Amino acid sequence: MSFRVIEGGRTDGAAAGLLIVGASAVVTMAGGLRRGPSQAETATLQVDPTTEDGAGEPVVATWGDRIAGVGPRAQVEAGLEAAGLPLSRFARLDAAGGIVTPGLIDPHTHLLFAGSREGELQLRQRGAGYLEILAAGGGILSTVAATRAASADDLLVHGRRWLDEMLLHGVTTIEAKSGYGLDLRTELRLLEVAHQLGQEGPIDVLPTWLGAHAVPPEFRDRRDPAEAYVRHLLDEQLPGVAAQGRARFADVFCERGVFSSDHSRRILAAAEAFGMRPRLHADELAPSGGAELAAELGALSADHLAAPSAAGIEALAAAADSNRPVVAVVLPATTWFLMKPSGAPARTFIDRGIPVALGTDFNPGTSPTASLPLAMTVACLSLKLTPSEALTAVTINAAHALGIGDVVGSIEPDKQADLVVWRVPSVDQIPYWPAADLVRAVVKRGRPLLHRE
């Protein structure tokens, strides 16, 4: 791993705090979930040119694993001293004219799998569709076969490799789905490994049970394969997953040719009774009732949404006006990699007041990228998000898509000290340089990790 701990930047001993100085701006994202016009509001603090000796430069102070203060340097330093936190206890991290943002949050990944599927790229170039490849035993089922054969140690090595990659791009929290086992034994293995990786850190990993990702081969000779597998999920797999206690969320691939909205409703209702909050793969390939179901269930998020119906958009807009908004998690790298002519109608979502988040959908078949900044670039180019809207979508709105908006996603006192120092002077430049190495430093729970001087 190419990050190293900054000398003196410990969260114990002599330097229990950290003061980030020298930033051109601090993008706080304070103020909660964004939707509609507020999706573009970043609550940015900039240098006050009327002050002298750097007193008006924006700084961020952390103490232990929490944000201790943010604002003009003179004001923050005075507040720390008044709170009994002497400046001598703070290590300093120089942003060198870059911006500071909350740590990025990827709300949709398929982190753990074995094997790869690069051959499908050429199949798609020849016109093969997603469901056509799946029906022929490729796609998800190819990865299922490889993942069932992988040991926990194999999966740990794989997960560490890609979490390191994500950290290099400023990501400090991710959601990680199971779904490449489709049997109880492998699903439990995937969830346990995801939990272990989160315990190891530094990235927080939030596990999701996605047993309803596809119908596995052993059920395909049944009279009604999807229904038979749903019964297995309800009677055997879900109780086992609940007993293990690792899955925080439940998800279903609600799509024509996979699981219907009725199947999805039954699975997610049963999972919620076990304490797993519902999320949903919805309307990725065709209108399937997924957006409507997400609104009906009060799901944390509806993900993909590349082909929602007009009724589905209305349902999400109505939910956004209620006290149970469903975050639309759009995955632009997926439609890009699938060579689709269009992606999710993100501009329509924003215009209708639906909160939008972005994820990578990192997986071996349809979105083999671990770079959330690259997903931001594609969102700006393909979905017409502005850079500020895209940054909101990978910070505070992504946090709310995971139900942790009160913990991370913004730079506010008492929230977890997850931060990124960028080697660019403005938000606009993050998606402007596709696939560039733009991260100077990452701070996770107050612990500074440095990538580049």
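Colleague: Leaving aside neighbours within four places in sequence, with which residues is Asn-397 in contact?

Modeller: In this predicted model, Asn-397 lies in helix α15, which spans residues 396-401. Setting aside neighbours within four places in sequence, its contacts are Leu-33, Arg-34, Gln-39, Val-327, Pro-355, Val-356, Ala-357 and Thr-392.

Colleague: Which side chain makes a polar contact with the side chain of Asn-397?

Modeller: Asn-397 has a relative accessible area of 0% and is therefore buried. The side chain of Asn-397 reaches the backbone oxygen of Val-356 at 3.0 Å. Its polar contact with another side chain, at 3.2 Å, is made with Gln-39.

Colleague: Is Thr-173 buried or exposed?

Modeller: Thr-173 is found in strand β10, residues 171-177. Beyond four places in sequence, its contacts include Leu-104, Asp-106, Ile-203, Asp-418 and Lys-444. Because its relative accessible area is 1%, Thr-173 is classed as buried.

Colleague: How far does helix α5 reach from its first C-alpha to its last?

Modeller: Helix α5 covers residues 152-168 and has 17 residues. At 1.5 Å a residue, a reach of 24 Å is expected. The reach in the model is close to that expectation, at 24 Å.

Colleague: What arc do the buried residues of α5 cover around the axis?

Modeller: The buried residues of α5 are Leu-155, Leu-156, His-158, Gly-159, Trp-162, Leu-163, Met-166 and Leu-167. They are on the same side of α5, because the arc they cover around the axis is only 165 degrees.

Colleague: Which exposed residues does the face of α5 turned away from its buried side carry?

Modeller: Just after α5, Gly-170 takes a positive phi of about 90 degrees. Within the helix, the face turned away from the buried side carries the exposed residues Asp-153, Val-157 and Arg-161.

Colleague: Are helices α7 and α8 roughly parallel or roughly antiparallel to each other?

Modeller: Helix α7 (residues 225-244) packs with helix α8 (residues 261-273), their axes lying 11 Å apart. From α7, residues including Val-230, Leu-233, Leu-234 and Leu-238 meet residues of α8, among them His-263, Ile-267 and Ala-270. The packing angle is about 0 degrees. The two helices are therefore roughly parallel.

Colleague: How does Ala-242 count at its relative accessibility of 23%?

Modeller: Ala-242 has its place in helix α7. Apart from neighbours within four places in sequence, Ala-242 is in contact with Phe-274 and Met-276. Buried would require under 20% relative accessible area and exposed over 50%. Since its relative accessibility is 23%, Ala-242 counts as partly exposed.

Colleague: What distance separates the C-alpha atoms of Ala-242 and Glu-389?

Modeller: Along the chain, Ala-242 and Glu-389 are 147 residues apart.

Colleague: Within what arc do the buried residues of α9 fall, seen down its axis?

Modeller: In helix α9, residues 290-297, the buried residues are Gly-290, Ala-291, Leu-293, Ala-294 and Leu-297. They line one face of the helix, because the arc within which they fall is 160 degrees.

Colleague: Which elements are included in what covers the buried residues of α9?

Modeller: Gly-298 follows α9 and has a positive phi, near 65 degrees. The cover over the buried residues of the helix includes the strands β12 (249-254), β13 (277-282) and β14 (301-304). The helices included in that cover are α8 and α10 (310-320).

Technical notes:
Residues are numbered from 1 along each chain as its sequence is written. This is a predicted model: local features need pLDDT of at least 70, side-chain atom pairs count only at pLDDT 80 or more; totals for chains, interfaces and linings use all residues. Side-chain values use heavy atoms; hydrogens and water are left out. Helices (H or I, at least four residues) and strands (E, at least two) are DSSP runs, numbered from the N terminus. Buried means under 20% relative accessible area, exposed over 50%, partly exposed in between (1.4 Å probe, protein chains only). A polar contact is a pair of N or O atoms within 3.5 Å; within protein, one must be able to donate a hydrogen and the other to accept it, and residues adjacent in sequence count only if both atoms are side-chain atoms. Contact means heavy atoms within 4.5 Å. The expected span of a helix is 1.5 Å times one less than its number of residues. The arc is that of the directions from the helix axis to the C-beta atoms. Axes are lines fitted to C-alpha atoms, for helices over the stretch in contact, and angles run from 0 to 180 degrees between N-to-C directions. Angles under 35 degrees count as roughly parallel, over 145 as roughly antiparallel, 65 to 115 as roughly perpendicular and the rest as oblique.
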